[in-house]
Amino acid sequence: MQEKYQVIILGSGIAGTMLGTILAKHKVKVLIIDKGSHPKFAIGESTIPYTTFTIAGISELFDIPELHPANIRQKIAHTSGIKKNLSFAYHRPGQEQKKEEVTQSNSGVAELHFFRQDLDSYLLNVAIHYGATVKQNCSISDIEFSSDGKNVLITSQEGEEFLGSYVVDAIGYSSILAQKFNLRENPTHFKSHTRSLFTHMINVPYFEICVHSQKAHGMPVSFYEGTVHHLFDGGWIWIIPFNNHKDSTNPLCSVGLQLDARRFPKTDILPEQEFLEIVSKYPSISKQFNNAKAVRDWISIPQLQYSSKKCFGDRYCLIPNSYGFVDPLFSRGLASNCGGVKYLATLILEAVKDNDFSEERFQHLEQIYRKEIDLHDNLVYGAYIAFKDFELWKCWQGVWTIAEFINFFQIVITLTQLKDGNPNPFKKLDIVGPVQELNGFIKQAVNEMQQVETGNLSTEAAARNIKELLQQVDFLPEPLKFSFSKRFYKPSMLKLMEVAHWLKFNSTPQVKTYYENFNPYKFNQIVKEMAKT
Ligand SMILES: Cc1cc2nc3c(=O)[nH]c(=O)nc-3n(C[C@H](O)[C@H](O)[C@H](O)COP(=O)(O)OP(=O)(O)OC[C@H]3O[C@@H](n4cnc5c(N)ncnc54)[C@H](O)[C@@H]3O)c2cc1C
């Protein structure tokens, strides 16, 4: 008799291993198959509070302490970087970077630049610890779904067969199920059109050494302790150091260049040469790369965007990163991916309990995935247009932080509820918070950018209009908004008290309902706990 698994997961990256862990912990017989083996390089290194708190939510909801961000940090602290901010420096060709043209967003949450090979290996071991079976170096040649709707049969190139009741595709861009069921949208419905070149480097000195001191740029946290974004008209460069704290044993730094693919179509130039050519146009960026050296081959992705018509079907489902992707900007990939895993795991556990994997049970996921990815597309689309002009970029940073803080606040409030003994606030599949209001606001802001793109509106006029839109936003507490005069957002206990005051005295009854469980002390405590090791 062939062994039968309840769930087979294809792909053992973050999503596959987290899902495998959750299912195994809850006594589901699960198999994880990967065509490669750990440790191995993976991209997706920079986190945001939304990522960290989503992972914390998974840890709490499914009772898996090993997934708590503080415990993850302890395991991979020496090779991962610390992240206290996202910093942005605006550049013009041939000119030194102006210190007045830097901006910053600080969450107050101690986060990480994940050195993925160590994180993914750790997560694989956690999955094994809880009872998942793992098959590495296994290339799949075929997937068949039995006509009686009961079985999924996966065959490897070596002829091995694996039988399951349900299969999850956590492969990403090359998703086998998206290919098999012709799920990809071609072309994608996204507005963003970008491409990427990336690698790991050594000898990348930090911003404050070679561009401006912290005193000069005036931001509250050093760029060194976060993800640096060098912005220019047509694209941006990320610098994600793993060596930015005293306990680091990892000299590497992740570097990536993203370009608007319509303005910079891919050519035959080698990625490293293309990177150096672009960098050489910007004197202050050049300073950070004068002695830098790639320690692995550059990877070039000619089109970052992919999307799907559907994320589920009879006996199968895709995780968000198999369903679609937009761009690394704003580091939302891991957050959406882990958020999707949380919902999917909840649905699978219920399906296993009822022994009913019918596809209708999974249809809610479509709305969840779509909402996330379309929001990201809008934010990225607007940002690449905003890169034309620093004032416009500042306004777009204001737009982005509104979306970011709504996600962040909702998830921390939910975590507070869980700690207060609410049986399962995370289990709700409803999308919470001022979703309609946010969507309406983003639509208006994107409309301004579309007019800039078509040449019907100047960047100055768009900046003015977006500033007005930002002033009208009444669904995010005023103290949480990006400060145009200071060019940064910095949280504090005082700010949280101001939020509580604003909610009590200045918000509408409807807005109050979105934040009704907000308590500044508990909120602060949870954020602080996340930093504990
Ligand atoms: C250039 C770039 C930069 C990014 N930067 C960020 C960032 O800074 N922050 C962020 O939050 N997100 C970022 N993302 C998104 C992020 O990479 C993904 O959300 C995340 O890594 C996906 O994790 P995963 O576990 O789903 O997939 P992966 O980590 O890609 O894992 C997929 C697994 O599937 C396996 N596999 C592949 N083919 C097969 C097959 N045929 N059969 C079986 N197994 C297979 C692979 O070996 C791999 O182990 C970035 C994405 C890109 C493209």
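This is a predicted model: local features need pLDDT of at least 70, side-chain atom pairs count only at pLDDT 80 or more; totals for chains, interfaces and linings use all residues.
1. Next, rings with rings. The structure has 33 aromatic pairs. Take phenylalanine 88 and tryptophan 400: their ring centres are 5.8 Å apart and their planes meet at 80°, so this pair counts as edge-to-face, since anything over 60 degrees gets that label. The two partners come from distant parts of the chain, with phenylalanine 88 in strand β3 (residues 81-90) and tryptophan 400 in helix α13 (residues 390-419), 312 residues apart. Both phenylalanine 88 and tryptophan 400 are buried.

2. Now try a pair of tyrosines. The rings of tyrosine 173 and tyrosine 306 have centres 5.1 Å apart and planes at 65°, so this pair is edge-to-face. It also links distant parts of the chain, 133 residues apart: tyrosine 173 is in the loop between β8 (161-169) and α5 (176-180), while tyrosine 306 is in the loop between β14 (299-301) and β15 (312-313). Is tyrosine 173 exposed or buried? Its relative accessible area is 57%, so it is exposed, because the cut-off for exposed is over 50%. Tyrosine 306 has a relative accessibility of 7%, so it counts as buried, because buried means under 20%.

3. Aromatic residues also gather in a group here. Which residues form one aromatic cluster? They are Phe53, Phe405, Phe408, Phe409, Tyr489, Tyr515, Phe518 and Phe523. Colour them in your viewer and have a look.

4. Strand β12 deserves a point of its own. Eight of the eight residues in β12 (residues 253-260) are buried, so the strand is largely enclosed by the rest of the structure. In a regular strand, side chains alternate between the two faces of the sheet. For β12, both faces are covered: one side has Cys253, Val255, Leu257 and Leu259, the other has Ser254, Gly256, Gln258 and Asp260, and all of them are buried.

5. What does β12 pair with? Strand β9 (residues 194-202) is joined to β12 by eight bridges, and the two run antiparallel. Strand β11 (residues 235-241) is joined to β12 by seven bridges, again antiparallel.

6. Last, the ligand. There are 30 residues around it, and Ile14, Asp34, Lys40, Arg116 and Leu334 come nearest. Which parts of the fold supply at least two residues each to the shell around the ligand? They include α1 (14-25), β9 and α11 (333-354). Of the elements, α11 gives the most, with three residues.

7. A polar backbone atom of alanine 15 is 3.0 Å from an oxygen atom of the ligand, and a backbone N or O atom of serine 46 is 2.8 Å from a ligand nitrogen atom. At serine 331, a polar backbone atom is 3.4 Å from a ligand oxygen atom. How much of the ligand does the protein cover? It covers 88% of the 1000 Å² of accessible area that the ligand has on its own.

Methods: Residues are numbered from 1 along each chain as its sequence is written. Side-chain values use heavy atoms; hydrogens and water are left out. Buried means under 20% relative accessible area, exposed over 50%, partly exposed in between (1.4 Å probe, protein chains only). Helices (H or I, at least four residues) and strands (E, at least two) are DSSP runs, numbered from the N terminus. Two strands pair if DSSP finds at least two bridges between them. Rings of Phe, Tyr and Trp (its six-membered ring) pair if their centres lie within 6.5 Å; planes under 30 degrees apart count as stacked, over 60 as edge-to-face and the rest as tilted. A residue is near a molecule or strand if one of its heavy atoms lies within 4 Å of it. A polar contact is a pair of N or O atoms within 3.5 Å; within protein, one must be able to donate a hydrogen and the other to accept it, and residues adjacent in sequence count only if both atoms are side-chain atoms. Accessible areas come from the Shrake-Rupley method with a 1.4 Å probe; for residues, only the protein chains shown count as cover.
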